[in-house]
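Colleague: I would like a close look at the pockets in this model. Please take me through the space, the lining and the elements behind it.

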Amino acid sequence: MNSSSDRWLAYFMILPVVAAVLAFVIGPTWDVATLSLTQVVMGQERGFGTLGNFRALAADPMFTLVLKNTAIWILGGTVLCVLTGLAVGAFLAIDSKMTTGLRALILLPWVMPDVVTAMAWKWMLHGQVGVIGSTMQSVGLTEQQISFLGDPDLVMWTLVVVLIWRKMPLVALILCAAIRSVPNEQIEASRMDGANAFERFRFVVIPNIAFSLTAVTVISMIWITAEFALPWIMTGGGPANASQIMSTYIYQQSFEFFSWGVASAMSVVNLVMLMVIVALYLYVNRRSWASGAAS
Amino acid sequence: MGSVTLNNIRKSYGAVEVLHGIDLQVDDGEFTVLVGPSGCGKSTLLRAIAGLETISDGQISLDNEVINHLPPKRRDIAMVFQNYALYPHMTVAKNMGFSLRLAKESKSEIDRKVRAAAGILDLVPLLQRYPKQLSGGQRQRVAMGRAIVRDPEVFLFDEPLSNLDAKLRVQMRSEIKELHQRLGTTTVYVTHDQIEAMTMADKIVVMRGGHVEQMGSPLQLYDRPVNVFVAGFIGSPAMNFIDATVQNGTVITPSGAILGPAPDSLPDGSAVTAGIRPEDIFLSDSGAETTVGLIEPTGAETQLTLRMDGASLVMTTRDRVTLSPGDAVHIRVTEGKLRLFDTQSEAAIW
Ligand SMILES: Nc1ncnc2c1ncn2[C@@H]1O[C@H](COP(=O)(O)OP(=O)(O)OP(=O)(O)O)[C@@H](O)[C@H]1O
Ligand SMILES: [Mg+2]
């Protein structure tokens, strides 16, 4: 037995993972970070060590609109996703034949490819031929057919609804599993203590699933931040940039306008935002009653 | 006041009936213990009283008011669960005060009641801890505290001590008993441990297979069990049962040894099951002949396992024993202590 050779074996075993992380995570991140500090003119790098890209970004009138849209997209999307997921999950947690079937069916939106989902919704929401708008008109809900994706005031929230349709099922399933694992005795004890259904949910179920809830919140936030195909295919950031969010704007800047510098600066902003979210998650989970919060 | 009356309680899960018409009266302030083997329906009955389980038929009344259809919160009954069922995200104080908080009592009132209950149970230094930071016995006390603060009409306990080690169990047993003497609250206590039942109960209810076999004071059940099941279930070591027949007014074993007199009502030749408590057997110069099998001294008394007619017989004695395994000894049964049961129906004859 030689502990130093054991150690080398261990290093050797994790080498592939380390290499993959270096090549596919650290490398590109480093690239983008340095690129954001580099002056790029006509696709040619001219000088490193400038904050010009960030200044340009701050001066860009589009930037505030993109930030506002991104806030709706990420915060609105996450909050609604988790809330509807919690409601649906609580419903699915009820024991009955119907919910058993639904638990399987609900994953359908989740397993569809992004592109199919986006195309299907784009067509259903279309201003002239969309089935949703025309149905609302024919039953008399609206006088004219609404163009959900063509109206600058509606488009962002329409995207959020489709996003929730797509992302909520897994959230609901995870929370359903968490709710079902709440010890039954605790529920019964709270019934004896005089709690009604809402109080049981609020004071017993929610604290018991708090970990799953924060985890699912952070995970959805990351999913939503990274979601690109859905908004890009459905609106491409339009109409007139009304649904431009960070991911679509970065894509547009880099691959349509070739402003690599500004795009990479925005990527860095995006990355910092994600890191803040994850840090928040780690901070929240650090304080847990399960491992002696009183100390 | 807190008297509980159960009237013909039936409970079915689907087609399976697990409680077959239970009648039971628990008087105000009484400590009643439900005891029986695993799966006999003790928990089901207790949960029906609590309101956690619906019943298929019958009537549950508290102080002569039918409470069948009231939800648990409106029954004024508190329950202590086997695995404590504390809320892990609340401190001891919050756990104990939860019911009061739901009842919208004032902060100061909650605080006062929680402190009072914590004082009774020695929990004051632990009030700010979380359940994870407590030992099993402490958690059990918190669970009891949660029941006490509500000052309910009835306490229900479902095997509260079965997760504790033997020594702690004995200690908690007397604590619960003391608590009952102090508060005087009607209590229904479920256990499958007959020693717990004997030591704690004012009244024991022996259940089997969803039926009540017998109820009465611990000594009534010990001295006058109505059938073989109750006789064998109550008492430790368990009662000895021997196949015997009646001849000339005496009960004799298959090999002809005389166990004691038989009642006149039994005709000669009737087959009976003789029941003898271990402490009612004594060694003597004459009497039934047996061979010593095992000798187990426990200090204060010694337990002997004797072989007679191919069956084993357990006796206990407070005398110091100088025998060794294989010795032949004669035994007799203390006068008036021989119980007889019908071999077919297992019901007590005498
Ligand atoms: N939800 C249920 N569905 C079907 N049968 C059940 C259910 N709950 C309990 N039973 C049955 O009812 C019977 C009584 O169960 P119960 O829990 O009351 O037993 P118990 O006397 O408390 O036993 P133990 O000493 O093991 O706790 C058992 O035979 C059990 O299988
Ligand atoms: Mg039980």
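Modeller: Start with the largest pocket, which holds about 510 Å³ of space. Bear in mind that this is a predicted model. The lining counts 20 residues. Closest to the centre of the largest pocket are A:Val32, A:Ile250, A:Ser267, A:Val268 and A:Asn270.

Now the elements. Two or more lining residues come from each of helix H1 (3-36), helix H11 (210-226), helix H13 (246-256) and helix H14 (260-286), which belong to chain A. Among these contributors, H14(A) gives the most to the lining of the largest pocket: eight residues. By residue class, the lining of the largest pocket has 13 nonpolar and seven polar residues.

Next comes the second largest pocket. About 420 Å³ of space lies there. Its lining is made of 13 residues. Nearest the centre of this second largest pocket lie A:Ala93, A:Ile94, A:Ile179, A:Ile187 and A:Val205. Helix H8 (155-180), helix H9 (184-192) and helix H10 (197-208) of chain A each give two or more residues to this lining. The largest share is that of H10(A), with four residues. The class count for the second largest pocket reads nine nonpolar, one polar and three charged.

A general point on method: rolling a probe the size of a water molecule over the atoms shows where empty space is left.

Chain B is worth a look for context. In chain B, five strands make an open sheet, ordered E13-E12-E11-E14-E20, with antiparallel pairing. From one strand to the next, the twist averages 40°.

Strand E11 (residues 240-247) of chain B runs antiparallel to strand E14 (residues 271-276) of chain B, and six bridges join them. One bridge can be named: B:Asn240 has B:Ile276 in E14(B) as its partner.

One side chain in chain B also deserves a note. B:Arg141 sits in helix H4 (residues 136-149) of chain B. B:Arg141 counts as buried because its relative accessible area is 13%, and the cut-off for buried is under 20%. A polar atom of the B:Arg141 side chain lies 2.9 Å from the backbone oxygen of B:Leu121.

Notes
Residues numbered from 1 in each chain as written. Chains lettered and ligands numbered in written order. Predicted model: local features only at pLDDT ≥ 70, side-chain atom pairs only at ≥ 80, totals over all residues. Heavy atoms only, no water. Pairing = 2+ DSSP bridges. Axes fitted to C-alpha atoms, helices over the stretch in contact; angles between N-to-C directions. 1 Å grid on protein atoms, 1.4 Å probe; cavity = no way out; pocket = protein on both sides within 12 Å on 5 of 7 lines; lining within 4 Å. Points joined across faces, edges and corners; volume = space filled by probe spheres on them. Nonpolar A, V, L, I, M, F, W, Y, C, P; charged D, E, K, R; others polar. Buried < 20%, exposed > 50% of the residue type's maximum accessible area, 1.4 Å probe, protein only. Polar contact = N/O pair within 3.5 Å; in protein donor to acceptor, adjacent residues only side chain to side chain.
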